[in-house]
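Please read the following briefing beside the sequence and the coordinates. It is grouped by topic, and the cut-offs are given where each term comes up.

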Amino acid sequence: MYLDSGVRTAVKVLVVGHFGVGKTTCIGSISEIEPLRTEEEITEASEGFDDLSGTPDKTTTTVAMDFGRLTISDEVVLYLFGTPGQERFKEMWEELSRGALGALVLVDPERLDESFPILDLVERFGLTYAIGVNHFDGTPGYPLAEVREALNLSADTPVVPCDVRDEQSSAHALITLVRHLLSLID
């Protein structure tokens with residue numbers, strides 16, 4: 001990604017994570033346009049496929065993708081693509097990952113084990129990533145060093161706290177990813 005003065009650079013970024021971690025909410029909180037959402041009601045057809053135990057109040061799920069846009073400077077515009085979190089929709093990942101420069105991986109610190117298949121996909125598609133540790137009401141805070149260790153992340157992988165319901169917090173997580181991407185081309 002080279003930035004020339006006066007030239008706007010479009011950067012495709014994925015917002016990924018396991019089922020119910022807050023991908024749709026993140027894009028909705030930060031997008032400067034009305035986000036495109038492909039959410040559908042959760043029905044009996046998802047029984048045996050979607051584990052709702054970690055998100056008992058969840059009534060909808062993304063079935064294709066979410067899309068939003070965020071201008072972060074005069075030169076850089078992020079195009080945000082949210083992936084479905086369920087294993088059964090992983091075919092979408094290959095298509096969505098084409099042309100993406102990186103991924104913001106959202107994790108729920110109380111369900112870190114569900115993040116490993118997501119991290120495997122991100123690495124399989126060769127995406128540079130940062131981790132956003134999403135905060136959920138009523139859950140304790142977790143030290144980022146412990147999350148890093150539990151996920152077995154390299155020391156150079158950014159790990160930041162975030163509350164995807166909050167625009168500033170979501171922006172901070174995405175800017176952390178962009179800075180990480182820029183540091184790799186310097």
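Ring pairs link Phe67, Tyr79 and Phe81 into a cluster, where rings of Phe, Tyr and Trp (its six-membered ring) are taken to pair if their centres lie within 6.5 Å. This is a predicted model, in which local features need pLDDT of at least 70 and side-chain atom pairs count only at pLDDT 80 or more, while totals for chains, interfaces and linings use all residues. Residues are numbered from 1 along each chain as its sequence is written, and side-chain values use heavy atoms, with hydrogens and water left out.

**Aromatic cluster**

- The structure holds two aromatic pairs; in one of them, the ring centres of Phe67 and Tyr79 are 6.0 Å apart and the planes meet at 10°, so this pair is stacked (planes under 30 degrees apart count as stacked, over 60 as edge-to-face and the rest as tilted).
- Because Phe67 belongs to strand β3 (residues 60-71) and Tyr79 to strand β4 (residues 76-82), the pair ties together parts that are 12 residues apart in sequence; strands here are DSSP runs of E with at least two residues, helices are runs of H or I with at least four, and both are numbered from the N terminus.
- Tyr79 has a relative accessibility of 29% and therefore counts as partly exposed, a class lying between buried (under 20% relative accessible area) and exposed (over 50%), with a 1.4 Å probe and protein chains only.
- Lys12 lies over the face of Phe81, 4.8 Å from the ring centre; a charge is said to sit over a ring if NZ of Lys or CZ of Arg is within 6 Å of the ring centre and within 35 degrees of the ring normal.

**Strand β1 and its partners**

- Eight of the nine residues of strand β1 (residues 9-17) are buried, so this strand is largely enclosed by the rest of the structure.
- Strands β1 and β4 run parallel and are joined by seven bridges, with Leu80 of β4 as the bridge partner of Val13; two strands pair if DSSP finds at least two bridges between them.
- Five bridges join β1 to strand β5 (residues 102-107), again in parallel, and in β5 it is Gly102 that stands opposite Val13.

**Helix α1**

- Six of the eight residues of helix α1 (residues 23-30) are buried, so this helix is largely enclosed by the rest of the structure.
- The buried residues of α1 are Lys23, Thr24, Cys26, Ile27, Ser29 and Ile30.

**Backbone at Asn152**

- Asn152 is placed in the loop between α4 (144-151) and β7 (159-162), and its phi is near 55°, a positive value in a residue other than glycine.
- Most residues other than glycine have a negative phi.
- With a relative accessibility of 68%, Asn152 counts as exposed.
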